[in-house]
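Subject: Handover of a structure and the findings from it

Dear colleague,

Please find the structure for your review below. I would be grateful if you would read the notes after it with the model open.

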Amino acid sequence: MAKKWGRRAEDQEWFPRLSRVEVWQHNIVWICFVLLVATGMMSLIPTDWVTALFGNYTAQVYYYRRVAHLILAAILIAGSIWHLAYGIFTKPGRQMLIDMIPTLNDAVQMKQNILYMLGMSDSKPKFDRFDYREKMEYIFGLIGTTVICVTGVVMTFAPFFPRFMVEVCGTIHLCEATLASITISIWHFYGVHWKPGKFPQDTSWIDGLVSMEHLKHEHPLQWERVMKERQMAKQGVKDASSVATSWGGQHDHHNNTTLEAGEE
Amino acid sequence: MADKRVPEAVFLLVILYFVIFVCLTWSPRSARAADQENCMLCHRYSGLGCFDKETGAKRIFYVSEGLYRNSVHNNVLCSHCHTDVTEVPHKPAKKVNCATQCHVKDPSTNKDFSHKIVVDEFKKSVHGKSPLFTFEEGQPRCKYCHTNPLYSPLRGILAQKPGCESEALARCVACHEKSPWASRFLKHFVSRTAPRWNKKQIVDLCNNCHADKKLMQNFGLESTENFKQTFHWRNVKYEAENGADCLSCHGPRKLGFSAHTILPVDDPTSPLYAENRVKTCGQSGCHQGATKLFASGAVHGTGVKAALLEKKLRAEGEEISPEEKKKLRTEIDDAGMTKLQQTIIWGIKTFYKVMIVLVGGFMFIHQLLDLRITLKERREGRHH
């Protein structure tokens, strides 16, 4: 079973949700994102204010703002490429991508959940490894990152592109950044920080583990698969992962990726 | 106690009297110069003035002697410029022609002094040539730029008063006995060693007219609003030493031009004529070693000027037809985009605005509902 960290509550079991690779990919993305938003949005602050603040160093501040933005962007692009490669070339990565594919069932569950939240239905939909909220966020994230990276590259190498194209990319870059900042601060921050029970944070971003309670409550289908798998293992089925109702390969993936990360 | 109050009150009154007396009678020292022509007989009254019959504008004929004596023309008699005034009282005076010869001697030639050389030079420039100007208001006259402010401070704001700093003057008078002469010399010297306008003021002065899109259209010119989007303006704004203002390129002193000799860009002798640009960009202190390609860049950044330049570059030196120029002027906005391009940008912005409202709004409401149900579940003990 998954490694339990010293500070984890011992009264319940902890299950892997993110592999070590995924934790690091998330770290790269969030650190870069926060700093990119800060350095990027700074260009919207009136120069006079910045001058009032930094005086004679204004020019240097603007220079390093740009340098920092470009370096962070390069790191983010590298991280995104790593993530893509991980999703294509590794087994757990592929499994994650497959689990992320939106299906018709997600739309049905979304409708059910909204009805449940509105109090118009008593049955709460049973979510699998990734619920519609997480899928939505991941897919928006993929599209957004692609858009922002491409437009950013065009802006960086502006002399090589037609003037109007740079203008269009600049507009999209700014708008996309605004959209991303707003949605992240509403959607993602609520889900993992502000939601009662989660505050101040869902610690899975640190060690990739979630509590049994969390799994049971928020991903019941996955939980059921895990339990079934264990039962089968008890009954003597040797290769649990070969069972069709394996829990999305999550458990095994964790071991695999841990190994992989160790080999790197 | 009561008897003591009377002398105190008298004492205070005496002081007050002296203060008022000094305030009322004080005037700058050098204002005591003689009014040889006795013009101040009438013109010293501050109420002297009338409403112009044609324009209805208020005209003030009051002359502050103190200020005049400290102005650059302090040594010039009234009649030297107002040549049509020969008797007192006089008829409405004509506008002064700055090319008039006055009776001041130019010490370098010992001839009667005149601004004629500058006026002639100016008449050849784009601002002095009349064919461009269909109405007089559009033409800048001498006084438009030469406002000759009297309060050019020599030592910070607090020391501002007409004329020169007495301390500085005292250093002159130590050897040059006649103080009016020393004062004049010092004033002249000080005012000529530095440009009267700083770079920012020059840009604002030019932009007063040239950034006015409608006014410029009357002359078939592009507005220069977008200069403030350029790096040159940044340099000017943050007071960089070599920051390029309008005159740095349109009338570069280092290349023998000045504000009086600004020429249209398509004049072969203009510093901004295609062939001369390399030299203008490469003037000392600027882009030394500039190449032809560098010098053909769009300096005003965006807008019609930039679009015209770009077209010209693509056409490899071929002239653009006036019709095409006109089309560009009507089609292109300050950011240098055509109407179609503007629509595309508008479309993108609108799309994102709608997305932000829809997606952000949906997310906000969704999470709010989730908060409500989560709190409810926790109350009922259904949640971990």
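This is a predicted model: local features need pLDDT of at least 70, side-chain atom pairs count only at pLDDT 80 or more; totals for chains, interfaces and linings use all residues.

Residues are numbered from 1 along each chain as its sequence is written, chains are lettered from A and ligands numbered from 1 in the order in which they are written, and side-chain values use heavy atoms, with hydrogens and water left out.

**Chain B**

Chain B contains 17 helices and 4 strands; helices (H or I, at least four residues) and strands (E, at least two) are DSSP runs, numbered from the N terminus. Of the 384 residues in chain B, 26% are buried. Buried means under 20% relative accessible area, exposed means over 50%, and partly exposed lies in between, with a 1.4 Å probe and protein chains only. Where contacts in chain B join residues at least 6 apart in sequence, 44% of them join residues at least 24 apart; a contact means heavy atoms within 4.5 Å.

**The interface between chain B and chain A**

The size of an interface is often given as the accessible area lost when the parts come together. Here chain B and chain A bury about 3,400 Å² between them, and 69% of that area is on carbon and sulfur atoms. Buried area is the accessible area (1.4 Å probe) that two parts lose on being put together, summed over both. Chain B contributes 34 residues to the contact and chain A contributes 38 residues.

Across this interface, 9 residue pairs are in polar contact, both residues being at pLDDT 80 or more. A polar contact is a pair of N or O atoms within 3.5 Å; within protein, one must be able to donate a hydrogen and the other to accept it, and residues adjacent in sequence count only if both atoms are side-chain atoms. On the side of chain B that touches chain A, the elements giving two or more residues are α11 (231-237) and α17 of chain B. Of these, α17(B) gives the most, with 24 residues.

**Salt bridges**

The whole structure holds 17 salt bridges over all chains, and 3 salt bridges are counted between chain B and chain A. A salt bridge is a side-chain nitrogen of Lys or Arg within 4 Å of a carboxyl oxygen of Asp or Glu.

B:Asp370 forms a salt bridge with A:Arg133, with the closest N and O atoms 2.9 Å apart. This pair crosses between chains, from helix α17 of chain B, which holds B:Asp370, to helix α6 (residues 132-156) of chain A, which holds A:Arg133. B:Asp370 is buried, at a relative accessible area of 4%, and A:Arg133 also counts as buried, at 15% relative accessibility. B:Asp370 also meets A:Lys195 in a salt bridge (3.1 Å, N to O). A network of salt bridges links A:Asp131, A:Arg133, A:Lys195 and B:Asp370.

Within chain B, the side chains of B:Lys200 and B:Glu239 meet in a salt bridge (3.4 Å, N to O). The pair links distant parts of the chain, 39 residues apart: B:Lys200 is in helix α9 (residues 199-210) and B:Glu239 in the loop between α11 and α12 (246-250) of chain B. B:Lys200 is partly exposed, with a relative accessible area of 28%, whereas B:Glu239 is exposed, at 61%.

**Aromatic rings**

There are 8 aromatic pairs over all chains. Rings of Phe, Tyr and Trp (its six-membered ring) pair if their centres lie within 6.5 Å; planes under 30 degrees apart count as stacked, over 60 as edge-to-face and the rest as tilted.

The ring centres of A:Phe15 and A:Trp223 lie 5.8 Å apart with the planes at 90°, so this pair is edge-to-face. It links distant parts of chain A, with A:Phe15 in strand β1 (residues 14-16) and A:Trp223 in helix α10 (residues 220-235), 208 residues apart. Both A:Phe15 and A:Trp223 are buried.

A:Trp187 and B:Phe362 form a tilted aromatic pair, 6.1 Å centre to centre with 35° between the planes. Because A:Trp187 lies in helix α7 (residues 163-194) of chain A and B:Phe362 in helix α17 (residues 339-379) of chain B, the pair joins two chains. A:Trp187 is buried, with a relative accessible area of 4%, while B:Phe362 counts as partly exposed at 27% relative accessibility.

Yours sincerely
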